[in-house]
Every structure is written in structure tokens, then in C-alpha cells.
Amino acid sequence: MGETLRNIGTRARRVDALEKVTGRARYVDDLELVGMLHLKALTSAHAHAELLSIDTRAAESMPGVFAVVTGKDVPGENQIGVQIADQPLLASGKVRQMSDRIALVAADTAEHAEAAVRAIKVEYRPLPVITHTDEALAPGAVKIHENGNVMTKKQVIRGDVEQGFAAAAAIVEDVYEVNYQEHAYLEPNGCIAIPEPDGGVTIHASAQAPFYIQKAVARVLGVDYARVRVIQATTGGGFGGKEDYPSEPSACAAVLAMRTGRPVKFVYDRAQDLAWSTKRHRMKVTNKIGADGEGRITAAQVRIDCDAGGYTGLSAIVSERSNSTAFGPYRTPTARVDTYVVYTNNLFGGAYRGFGTPQTTFAMEAQMDELAARLGLSPAEIRRRNILGPGDETTTCQKLTESVPGIETFEAALARSGYEQKRREFEAFNQTSRWLKKGIGIGACMYGGGLHAGGQFLEGSGALVHLRPDGSVLVSIGGTELGQGAFTVAAQCAAETLGVALEHVRVTPSSTDFVTDSGPTVASRTTVMSGNAVIDAARQLKGRILEAACELYGVPADEIELREGQVLKRDGTRLGSLKELANTAFAVKKVNLSAQGWYAPPRKTWDNARGNGDAYSSYCFAMQVAEVEVDLRSGRTRVVRVTAAHDVGQVINRTLIEGQIEGGVVQGVGYALMEDLKLDQGRCLNPSFTDYLIPTTLDVPEVDIVLIEQPHSAGPFGAKGIGEPSLIPAAAAVANAVSEAVGYRFRRLPLTPERVLMSLEEAGKLR
Amino acid sequence: MAIDIVRAENLEHALELLARDGAQARPLAGGTDLMLRLRAGRLAARTLVSIADLSDLAYVREQADRVELGALTRVADLITHPVYSREFPAGARAARDFASPQIRNRGTLGGNVGNASPAADNVPPLITFGATVTLQSKRGGRSMPIEDFFEGPGRTRAAPDEMIVGFQVPKRPGAFQFFAKFGSRNANVISIASAALCLRLDGETVREARVAYGCCAPVPLRARRVESYLSGQRLDERLIAGVREAVLGDIKPIDDVRGSRRYKELLVINATEDALRGALESVRKAA
């Protein structure tokens, strides 16, 4: 590089801003096709039962009904398990969670389909419902799957943890439990499947991972990947909830589209989406940390019980991230992690921004505060003494080498928030204030960017870049736009590399027909993966047109610069326009003005038995400080301010980064304080935004952002991901602040007003 | 199941439609509750009588001793209306804490009362002001104290052909008013519990106490034990400390998805104590 960046580090307006704020963007439910049918699903009446019979005869003859299908009607394999084949698309033999589909109806209207669904008769033999991982693991527990209730077990072994504890001056050990979190994207799941004349199918879906849908649909239809085209519709948010899950409605719609020969729309309402789609996992985390007299960790041990629900889904992969980064950004000379992924009959656990680490971070950060108190250190000081730096090894024995500004990020958060001074002020305030208590807390995280070593078979991303003869640019990426700004980042990378003005770059909707399998848009990987792929394609094009320019202008290629649509000599002399150059290259020189880009990080080594190796390609740090006020009359917590310091490598788009951080913090605040799905025998009791509360604008704290830029050579222009680290430490920081405010350690989330007040009442802290 | 929506041209027309269709008809005002129930298939009505055009039912009128509120007064108007917010600050506070701007802009006071939720935020303050609700049908009109209007969740004493047309709210000059609602977030939340008090004080003596709670019984509850415990008593820490027993004697909250019985009890006790402390403070400040 070395040159001035014109399109990087800016506040470029989102490429999709206007269409979204004007309402012109078309989401799945806005699409209407001739002859289109509507799909409705019958789901289970029990969380765990044998399926004795399904009678669809009455439903089949209902008005407007075109088809009613059950498991036996799936033309290919009746299976949608992404990782393990344990989940049928349509229930067969037994049901294991409330969201299991028994039958599907396609009818001319949604109302007719709904009426037919109600006419389907099902006989069950109920089985005992397993509602907690402890019950699932108890001896003699009913088996949810034939091979038992432990889906998988993972571990990390680093040195001799017993020796580490023997050397400790203080040890803390406690159990932490966290509830589900719902993604609460604005747009519920939805898709349309269109049967194609060639025997294939086109899917338009609200989704993060079109390539997952492609594989799932090909599998249930028994057709080639090449005959399944998946186009991402404008998507109203995902947060992980649209990684694997949209494969389910898409596969359903595809089966019925093939069966009826008509387009089939399947759009969930909010209650269905809340009850059926995946959630952030419930976890029980038993965390034990030992430190020497100076507060340096000598041993770290954790057992994670991850409640997967009825099927594997992505749970085994989610728990790999919990497993590998359970101890946050701290040095752990000896460590032991045991992660159990356990089947229950609760809700279906899945991907959610942070992917299994907000839970372990909540536990670890609470333990750091406890350890500090035990040793007479401040919460800041104990962290300062343990934060990983360049040259240190992570828990999985991976050596950190490049761009490791953990301590810089941490100190920035402390300094900007005025942590130490506020802590003293709040302590004094609390001495005299009877009902209102103030607290300040820290949450710290180190996030591995991209997919875990165990998932690296998916780790590669493509891009297709066309330079049009008028000098405009068309970009397609394998990543998806979820509202996070991926298309804007892709456009900026293309504009920067090709020297085109940003407004002349268009990014197409993502389609499996344009680029090769690029994996999912998850793991905070899309800026790095798709950004690098776009740069790769754009560089190829740049090379070709510079060659043409060299001939056209008689100037050596390395003397020519492309800038904002102009062709310049290094000294600034204008040679011509990119439009003229592109047209000549295309029409006269017959240059190929299309290029496929590709990026894949170096292969990572991984020893699964010991959980050792290069878990992730790079790491970034996120340090947040939360200030809260707790009202002891109601138990209500107000988060006043969150100071968020983030190691981002290099800012590509400052506005988008700030948006990611603000959004992540708010989701973390919701997770910490109010988001509370309630279950009874596996049934969700509050599947609505009336009773499942997420923060409103009036619950949003001031978010004060500090960005630390230490470029990483593998990132586009040095950038690292930001999507998830923005959320991960927030709940931990808020919970620590609340605990400090009221002088009572909370070990469960969320800290609803009721939980806070009743816990304090029970602990005799109120009167 | 088809539902007819008929636009009433005037009050007469609306009452005629209600008289014709009886239990099968429901008046439709802002629709913020009704439409949800309709879409969820939980509305028994076959005819919705839209009264949205009856603009003469949207008013806040000041009389010498009372304020009259039309049934179609939007909740948003209760917040901003100078007379209502001056005379009934606790009522305006409840309106402000109610739902979201969108719902406040559409939802009406008559609708909030007629929906008969034990959590209706606007009702407890109205109970403490001694408000009456006026019902009208082709057969004539009648009024009753608002606390007597409710029979259970979603059930009122309005006959099928009767419609709420307005409210009479006696002014409470100089009274100490209080309203607090509790939810798990700052806006657009259904109350876990709410409390309203209106106290007429003579120095530090409570001359008259009117107290009401939301979400503490199947209907918005007038807390008569608390009222008689406070009335005629000297307002001091001893009185405040003893109010807990009276509160527990009045309320019967249930465990539900929004909160446990015990938590609701604590909230209402704390709110009542806070209100009394606030009243004491205001008296002492005035002295």
C-alpha cells in the first residue's frame, strides 16, 4: 500500500441505505409470484413423544389445498442435520422438541393452509420431557437419541492443572447458569422456492448462508448442487439465527414446490419464529480459577454443559468456540476445559453472535472479580496482570504473534471510562444512598476471527468482479448482507483497489450461481474473507487494464495510478478516464474484464484429543466498562454508560464499526438484564415481543467507543472482524457492575428486576 | 370467519348497530388491542362498529369541580393536555408510561378501560381520583365508579349494547398524587405491577386516602384496607412501616410469565412506602 487510502477508514454511506430507509427494498414477504402457494407447518404438540400416527386425509380435501406432505413424501433424504444426521426435515418415529415438524401444507392462501394444518390428526405417546442438562446426564435418564444424551464431548488440556492449583494462593470455584437469547432480528424467517423447468429449484431466502441452503435443498430433493440456485433476498437481520436455520424452511418450501410444480412461499410470523428458530444456548458453566499471591493465574478449569435441545444442529461447532476461548483474554499456564454438548427437549440451540462465548465470558469475568476480591486487588489490576500479549500462548497453546494489542485496548477502556476514579466515587455514593446503588464493571474478551480449526474445511471465500466498459463495477461476493454492511465494505474494497468512485460500484444480491461456496456469513469473518476475495479479483483486473493503459498511453504500468475513475501518472498528470480505458480494453484490446477472486487463510493445525493447536487465524480484543444504577425498590438496573474499546486492526468504515459496536452492546445489555425465554416442559411460554423483552431505545446506554488500530497483515487493508466482539463482553461487564453496586454476586443471567430484588431479599440484603 | 367492519356515522348510529348485533358486535376505536385479538382468532365478534369518526367523543373539558374526558380521547392527548396534566399529574404520568408512542397515538382512554386488563395503566390513577365511567345505549345512559366497572380480565359490566362514551373525573385540588409502574424495561412494556395513590393531607394528617393497584387482582384493584389504614392517621415513619400488612391484605397477585406473586407484592409495598415518603416530604417542604 503506502498510498493514501481514499475509500478505507471513511464514513462512506451504506450502499443499501436509500432502498432500506425509503422502504423500496424487497424482502421475501414482499415478493408475489403468479400461481404462488403458501406453506404452513404442523409442529409437535409434545416436546418428547413417540409418533404413532398422522392422518392427513381431512386436510387434503380442504378448500384451496394443493398438497399435504409428511416425512415419507420427501423425495431425497429426509434429513437436515448439518453436522450429524440426527434431524429429519419432517418427524419420523418420534419428536424431540416442540418445533419438530409433523406435516406441511401448501394451499392457495395462508388462511387455507392454516385451516388444513388444524385438520391434521396426530397420535402421540408422550415420553418424559428432559428440561435441563443435569436431568439429561442423570443415570437412567430417558434417551432422546439412541446413542444417549451426550451428543459430543470436547476438551482442552494444557499442562498439569492440578499442579497449577497446588501453586495457587487463592482459588475460586462456582457454577454459573445463563438462559437462552433470541436473535430478535426485525424480519422473521422466510423463503420462496420456485421449481425450475430443468428439474432444479430456485430459492429466495432471508439467510446468512446461501450455500448451506443449497446443500440442504439438494439433499432433501436428491438433486445436484448445480441445480439448486439460492439467492439471498434482502435480509432483515440474522445475528447467527439465519446461519443454519433457514435451511429448514427452505427445504420445506423446496419439497412442496417440486411436489406442486408451483412457487411456494413459507414466511413465519413472530410467534412461530420465536418458538421454532434456534437460540443462544442455555449453559451451565462450572468455573474454577487459581492465582498466585500477585494475582497471576496459575490454573484455570471449566466444565461447560451446553443445552443443545433435541438435535445437533450447530451445537457441536458452537461449543468448540466455548471450549477454545473459555478463559477470555488471559494467560492460563495450566488449563483444563471439559465441554459436554447435551441433548434435551428444550429449544433448539444454535448460532448467535458470540457463538458460545458470551456465556463463558460472563462466568470468567465474574470469577476474575471474585479472585481480585479474594486477593485484595482491584478488578482492573488482576486483569492487567493476566492479559495475553505478543509471544504468549493461548489456552490451546497457540502462540500469539501479530497484532496483539490486548493490554492497549484494556488500558484505553479504563482510561476513557475513568474506571478507578468512578469506582471510588460510586463506593462513597453507595455508603449514603439507601435505595439507589451505583456500580462499575469490566468485561473482557479475546475473539478468534473466522472459523475454528475444526471448521476450516468451510474456510475460503470467493468474489466475482466485473469491470464494465463504461468504467463501472459490478461485485458479487459469497458473503451476505445482513444489515451489518458487508456489501458496503465489499464495494469500498473494490473502489479502493480499482480506483473507482464508490457510487459506480454495485454489489449484487448474493447468489450461489455467481461465486463458489464461500462458507457462511458468520464468525465475524466477512470483512476479512469477502474483502480479501474482492481485493484479489480487483487486483487481477487492475493488472489487466494497467497493461492496456501502458499500451494506450505509452506510459509504463508502474507509473500509472487509478484514482476515483481517473487514469493518472504518478506525478498527477491526467492520462484519461477509467471509462475510456475500460472501453478500449474491452472493445479494442479484447481484455477479459471479469475476474474471480478467492481468499483462504493458511491451514491451521489442531489436535482434537488435547484441544491444542491454532484454533483461529487471528485474534482481536474487546474490553468494555459498564456503569449502572440499581434501584433496590424494584430491582431495576439502568445501564448509564458503556465504554467500549475494540481492537479492529484497521477501520474500513467508521460508521459501520460504530453501528456494530452500539448494536452489540445493546444486545449484550438485553442479554444481561431482560431477555428471558420461559419454558414449561419444553414449550416456550412467551413467544412474543410483548413478553420476551428486548431493549427499546429508552433502554440504550450511552456507548462511548474507542478504536485501537494495529493492522493485521491477513486482513483487507489490515482489518479484523468486529461483529461479535462488540457483544461478547457486554453482559459480563453489566453483570459485574450490578454485582458491585449491590454487593452481591449474581451467578445467573438475565438479571431481571425480579431476579435482582428476590435474590437480595433472600440473601437478607434488603432490610 | 368473515368480520364486518361498519363505520358508525354518529353516536346514534353506533348505538343502533350495537343494539342490533348485541354480543356479536364490538366498538372499534384505536384498535391497538382489538386488532391483535382479531388476528389471533381470539375475538368472538362478527361485527366491529368503527367509532373512529365520532370526533365529538374526543375531548378534555374542564368544569368547575371536575374534568370530563371523552371515550375517544387518545392516550397521547392525556399527556399533553394542559388541564389534565395540571389537575391529574399522576394520570398524565400513567399515560406517559403507557405502551409506545405509536400505541399512545392511536389507543384511546375508552379502549384502555374497555379492554379491562388488570394491567391497564390508565385505570389505577382514575380510581384514586374517584372517576366514573359513563355508558350509553339506545336504552339510555348510566354511570358508575370506574372501580366497579370491571368483572374480570377482559370482562366489564357494560351490557352488549352499551358503549363507553366518557368519564367524569372529580378535581382533587391540593391532593398528593402518585403513580408508578414496574416493568423490565423503560418503555413499551406491560406492567408487572402498578400503584396509584391520591392523598388529601391536612398538615401531616391524612384526611382522605385513595389507593389503587394494577396487576394485583383479576381487575384493577381499589385498595380499601390500605385506604382505611391511612385515613385519619398521622403520616410518619411508623405509619409507613405498617402499611405493608394492609397492602398484603388487599392484593391477590398471581404467579405469571411477567412475575411471581411474591415479587409483585414487594413492588407494590415498596411503591406504597415510596409514595407515602414522597407525600411526607412534600408536606414538610411546604411547611
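Helix H13 of chain A, residues 419-432, has 14 residues and reaches 21 Å from its first C-alpha to its last, close to the 20 Å expected at 1.5 Å a residue, where the expected span is 1.5 Å times one less than the number of residues. The model is predicted, so local features need pLDDT of at least 70 and side-chain atom pairs count only at pLDDT 80 or more, while totals for chains, interfaces and linings use all residues. Residues are numbered from 1 along each chain as its sequence is written, and chains are lettered from A and ligands numbered from 1 in the order in which they are written. Helices (H or I, at least four residues) and strands (E, at least two) are DSSP runs, numbered from the N terminus.

**Helix H13 of chain A**

- A:Tyr419, A:Arg423 and A:Phe426 are buried in H13(A), a residue being buried if 20 or more other C-beta atoms, placed from the backbone, lie within 10 Å of its own, exposed if 12 or fewer, and partly exposed in between.
- These residues cover an arc of only 65° around the axis, which puts them on the same side of H13(A); the arc is that of the directions from the helix axis to the C-beta atoms.
- An α-helix has 3.6 residues a turn, so residues three or four places apart point the same way.
- On the face turned away from the buried side, H13(A) carries the exposed residues A:Gln421, A:Arg424, A:Ala428, A:Gln431 and A:Thr432.
- The buried residues of H13(A) pack against helices H11 (379-384) and H12 (406-417) and strands S16 (436-449) and S26 (618-631) of chain A, contact meaning that C-beta atoms, placed from the backbone, lie within 7 Å.

**A sheet in chain A and the helix across it**

- Four strands of chain A form an open sheet in the order S19-S18-S17-S23, with mixed pairing; two strands pair if DSSP finds at least two bridges between them.
- Strands S19 (505-507) and S23 (594-599) of chain A stand at the edges with a single partner strand each, so one side of each is left without a neighbour in the sheet.
- Neighbouring strands of this sheet are turned by 20° against each other on average, direction ignored.
- Strands S17 (461-467) and S18 (473-477) of chain A pair in the antiparallel sense over 5 bridges, and A:Val465 has A:Val475 in S18(A) as its bridge partner.
- Helix H15 (526-553) of chain A lies across S17, S18 and S23 of that chain, running at about 35° to S17(A); axes are lines fitted to C-alpha atoms, for helices over the stretch in contact, and angles run from 0 to 180 degrees between N-to-C directions.

**Contacts between the chains**

- In the interface, 18 residues of chain B are in contact with 19 residues of chain A.
- Helix H11 (261-286) of chain B gives the most to the side of chain B that touches chain A, with 6 residues.
- A:Arg633, in the loop between S26 and strand S27 (637-647) of chain A, touches A:Trp435, B:Asn270 and B:Asp274, not counting residues up to four places away in sequence.
- A:Arg633 is buried, with 20 other C-beta atoms within 10 Å.

**Backbone exceptions**

- Most residues other than glycine have a negative phi, and most peptide bonds are trans.
- The peptide bond from A:Leu749 to A:Pro750 is cis, with omega near 0°.
- A:Phe717 has a positive phi of about 60° although it is not a glycine, and this residue counts as buried with 22 C-beta neighbours inside 10 Å.

Conventions:
Two residues are in contact if their C-beta atoms, placed from the backbone, lie within 7 Å.
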